[in-house]
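Work through the exercises below with the coordinates open. Each task is followed by a solution in steps.

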Amino acid sequence: MNLIQIAIPIQAEPEASIGLQEKIGFAMLTFGIVVLVIGATGLFNSIPLLYGLASIGMSVVGGFVVTAAQLRDKLPGIKNDGIMFSKLKRRGLAGWVLGVAFTGFYVLLYWYPAALTHVIHSVDTLSLLMRNKPADQWFLYGTFYTAAVIIMGIRTIAKYRNSKYQLYRTISVVTAQLLFAFIIPAMLIFFNSKEFYFHYFWPLKYDVLFPSTLKGLLASNSNLVVFMGFWSVAMTFVATPFLTYYLGKRWYCSWVCGCGGLAETVGDPFRQNSDKSLAAWKVERWMVHGVLVFVILTTSLLWINSAYQGEVLGEWSYTFSKAYGFYIGALFSGVAGVGFYPILGSRVWCRFGCPMAAYLGLLQRFFSKFRITTNGGQCISCGNCSTYCEMGIDVRAYAQRGEDIKRASCVGCGVCAEVCPRGVLKLENK
Amino acid sequence: MNVVVIGNGVAGVTFARQLRKSTDHQITVVSAESTHFYSRPALMYVYMGHMEKEHLKPYEDWFWAKNRIEILNDFAQRINLRKKHVVLANTAPLPYDVLVLATGSKPAFFNWPGQDLQGVQGFTTMQDLDRLEINTKSCRQAVIVGGGLIGIEVAEMLRSRGIEVSMLVREESYWNTVLPPDESTIVNAHIREHHVELQLNTELRQIVGDDSGRVRGVVTTDGKIIPCQLVVISTGVRPNIDLASSSGISVVRGISINNNFETSEQDIYAIGDCAQFPDGRVEQLWYTARHQGKHLAGNITGKVTPYEREPFYNSAKFFDIEYQTYGTVPADLAGIESATWKSENGRKFLRLTHQYNRVCGFNALGIRLRSEVCLKWIAEGASVEHVIEHLHQADFDQEFTAVVKNIRLHRSVA
């Protein structure tokens with residue numbers, strides 16, 4: 001080796017990368033969660049406003065501080081750096097802990113709400129203000145859900161701010177959650193009307209077209225409530241096929257739906273964990289269409305039963321619908337759907353369990369102008385599209401053959417097109 | 001028939017897959033680099049933590065057995081032309097009726113003093129990825145020698161880990177042997193925006209090591225000393241012809257082939273980066289390797305037709321700026337006219353080239369163009385006026401981007 005001795009100056013250590021602002025933000029977030037948990041003992045029952053501000057309020061502000069800090073000094077563009085090294089985002093210990101925490105929360109919410117009795121006081125003030133009545137576990141859940149969607153929505157916007165599609169889509173899905181799932185239902189209660197979620201339709205909101213519910217709505221003295229009945233029928237049977245024909249299922253799944261809203265915001269850091277194998281796709285098709293069949297059967301049975309004044313099926317159809325509510329509504333969409341975010345990716349429910357997704361998917365696959373277009377032969381098979389597809393679609397398998405992608409499960413989030421380093425993919429209605 | 005492919009890159013694998021579609025031949029693909037086919041351009045994303053090695057496989061592992069393509073993770077040492085078999089490092093010689101060499105390329109090193117030191121490497125293989133992981137364990141500063149596509153990708157990779165990067169580029173502007181001045185200047189600025197010390201008009205004189213044989217700095221031809229713990233050589237690649245030349249197959253720069261991919265020896269073909277056509281050209285792109293593999297499979301199963309290159313297109317990404325090129329856009333624009341547009345922030349750029357008012361090429365930075373439309377216009381020789389008026393048809397940006405439809409191209413004064 002031809003070595004010569006040259007004095008080479010030793011340079012100073014580069015500065016640590018985690019900034020002060022992030023630390024402060026994380027500290028606030030942690031503080032808020034700790035206060036919230038301590039409150040479960042009932043310690044803060046006498047000071048609900050302060051409890052709410054110090055727990056949820058503090059967490060929300062902390063979340064903003066962290067998000068804002070992570071934006072600094074970064075040029076717009078896809079930055080997925082280090083995701084596969086992350087213990088949180090790539091099924092490491094932190095991911096599992098978070099998964100267990102999410103799951104645990106849902107278990108408490110659905111089966112042991114008594115454990116949350118005191119925590120509910122943290123949103124008492126807000127509930128009185130918005131609904132003119134004390135909070136319950138569902139209002140607590142709604143507040144958590146909406147706050148998480150907003151904070152993580154801002155993170156999503158920051159991350160994908162190079163793309164107008166992502167910007168508009170995220171604003172839409174966050175606004176839908178805030179308005180249709182939080183503010184409007186609260187206002188309806190405030191004005192003594194019926195609590196109603198305008199953005200959930202049959203078959204996702206399966207009971208809205210059950211005979212008892214629908215007849216109840218249509219028979220109401222209130223015009224608004226009658227409108228809710230018509231709205232439900234029209235959205236399912238008119239608007240959904242119409243919009244899906246022109247736009248694909250994305251108009252709902254990644255622009256409006258609350259489950260989608262959570263997946264696209266809180267779930268975004270975990271999207272890479274969805275299973276892309278052919279085996280998973282097979283399971284998915286059986287399960288999701290199975291659930292759709294289940295809802296259709298349940299609803300039909302109830303209508304048949306109703307038509308014959310309950311003489312044909314007796315109690316059985318009621319039992320059937322209860323079973324659906326428990327297994328699909330609670331166990332699947334909540335516990336598995338959100339609880340497993342860090343492990344199975346952000347769209348477990350949407351992919352394997354949501355009957356609305358199945359219905360929209362069938363329309364999209366066989367009756368829609370929507371597709372993801374592949375740009376000629378430019379695919380380099382890198383795999384970013386497949387890796388970051390939250391629905392577990394092996395996008396690359398199509399792109400590298402130069403084929404357009406027309407899959408029932410695609411929710412049109414557009415991230416495959418964002419992460420493509422060669423500009424190969426484009427969501428289109430044509 | 002017994003078909004053996006040496007190399008499981010995109011050329012070899014495309015050939016094997018296409019051959020399987022229309023024949024029942026026994027197909028064996030030999031590779032020392034990796035057991036399964038993976039996407040080489042995506043190696044960078046593993047280092048950056050966007051993906052894991054597993055994600056780089058375009059086909060699931062069951063695919064190969066299902067399609068009866070035998071994959072053999074072994075090193076082909078020599079070809080016995082007389083006995084028609086390939087001598088392998090670890091297993092018995094592999095007989096062939098047809099042999100396809102798809103051995104790719106390897107980094108070009110130019111005998112710099114110190115190039116064998118620990119911490120000096122290229123970046124083209126899975127092994128290079130593993131090596132880079134080791135070499136950057138306690139690395140704070142790195143020097144990249146050479147611009148080009150691998151150089152800028154490695155710069156992006158190293159910056160993602162917070163490593164200080166100096167990039168030595170021989171030319172006066174980044175990749176200006178391929179990019180016209182406007183495009184090259186935009187990329188220069190963007191490289192610097194990512195805090196890379198871009199040193200133009202600068203070449204490597206030597207690499208300096210410490211007593212243990214580890215790199216600790218480089219000296220440039222103008223005598224500048226840059227301390228570093230890693231040197232990545234990205235001064236281009238050359239065809240990997242070792243196996244062919246040591247086995248007595250004719251080679252020049254690459255393995256010599258005719259336009260039917262036939263080498264100097266009976267029943268032996270060469271495709272992809274390693275092959276050199278009679279006109280002296282070597283095609284070293286992902287897309288060309290794929291086309292060649294497909295074309296050769298067609299030649300072997302059906303009527304032999306000479307390979308013709310598809311209309312030219314290519315793409316790359318310079319940090320955050322995507323780049324697409326179609327048709328004829330030479331670095332030296334002498335004799336070619338342009339119409340150009342540049343965004344206010346300077347990160348988006350479009351060039352349309354034309355001769356005699358017929359459109360002949362496109363260069364796009366930060367804009368996605370629709371390949372089908374651009375290639376059609378070029379093939380038809382569409383008029384500049386037509387293309388300018390219908391430019392929105394070539395828009396392939398995500399919805400709502402609204403860049404292409406608002407582009408106002410300025411025709412340069414000839």
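**Exercise 1. A helix pair in chain A**

Determine how helix α7 (residues 211-218) of chain A and helix α11 (residues 278-307) of chain A cross, and which residues meet.

Solution. The model is a predicted one. Step one is the geometry: the axes of α7(A) and α11(A) come within 9 Å and cross at roughly 65 degrees. Step two is the class of the angle: because angles of 65 to 115 degrees count as roughly perpendicular, α7(A) is roughly perpendicular to α11(A). Step three is the contact: α7(A) contributes A:P211, A:L214 and A:K215, which meet A:L302, A:W303 and A:S306 of α11(A). Sorted by class, this contact has four nonpolar residues, one polar and one charged.

**Exercise 2. Another helix pair in chain A**

Describe the packing of helix α4 (residues 124-131) of chain A on helix α6 (residues 164-190) of chain A.

Solution. Begin with the axes of α4(A) and α6(A), which are 8 Å apart, at an angle of about 65 degrees. That angle makes α4(A) roughly perpendicular to α6(A). Next, list the residues in contact: A:L126, A:L129, A:M130 and A:R131 come from α4(A), and A:F182, A:I183, A:A186, A:M187, A:I189 and A:F190 from α6(A). Finally, divide them by class: nine are nonpolar, none is polar and one is charged.

**Exercise 3. Backbone exceptions**

Which peptide bond is cis, and where does A:R91 lie?

Solution. The background is that most residues other than glycine have a negative phi, and most peptide bonds are trans. The bond from A:W202 to A:P203 is cis, with omega near 10 degrees. A:P203 belongs to the loop between α6 and α7 of chain A. A:R91, which is not a glycine, has a positive phi of about 55 degrees. A:R91 sits in the loop between α2 (48-71) and α3 (93-111) of chain A.

**Exercise 4. The interface of chain B and chain A**

Solution. Start with the extent: 64 residues of chain B contact 64 residues of chain A. Together the two chains bury about 5,200 Å², with 48% of it on carbon and sulfur atoms. B:F396, B:Q398 and B:E399 supply 13% of the area that chain B buries against chain A, more than any other three residues.

Then take the charged pairs. The interface has five salt bridges. In the one between B:E399 and A:R250, the closest N and O atoms are 2.7 Å apart. For polar contacts, the count between the chains is 29 residue pairs.

Last, look at the side of chain B that touches chain A. Strand β21 (residues 313-318) of chain B gives the most to that side, with five residues. By class, the side comprises 25 nonpolar, 17 polar and 22 charged residues.

Conventions: Residues numbered from 1 in each chain as written. Chains lettered and ligands numbered in written order. Predicted model: local features only at pLDDT ≥ 70, side-chain atom pairs only at ≥ 80, totals over all residues. Heavy atoms only, no water. Contact = heavy atoms within 4.5 Å. Buried area = accessible area lost by both parts, 1.4 Å probe. Salt bridge = Lys/Arg side-chain N within 4 Å of Asp/Glu carboxyl O. Polar contact = N/O pair within 3.5 Å; in protein donor to acceptor, adjacent residues only side chain to side chain. Helix = DSSP H or I, 4+ residues; strand = E, 2+ residues; numbered from the N terminus. Nonpolar A, V, L, I, M, F, W, Y, C, P; charged D, E, K, R; others polar. Axes fitted to C-alpha atoms, helices over the stretch in contact; angles between N-to-C directions. Parallel < 35°, antiparallel > 145°, perpendicular 65-115°, else oblique.
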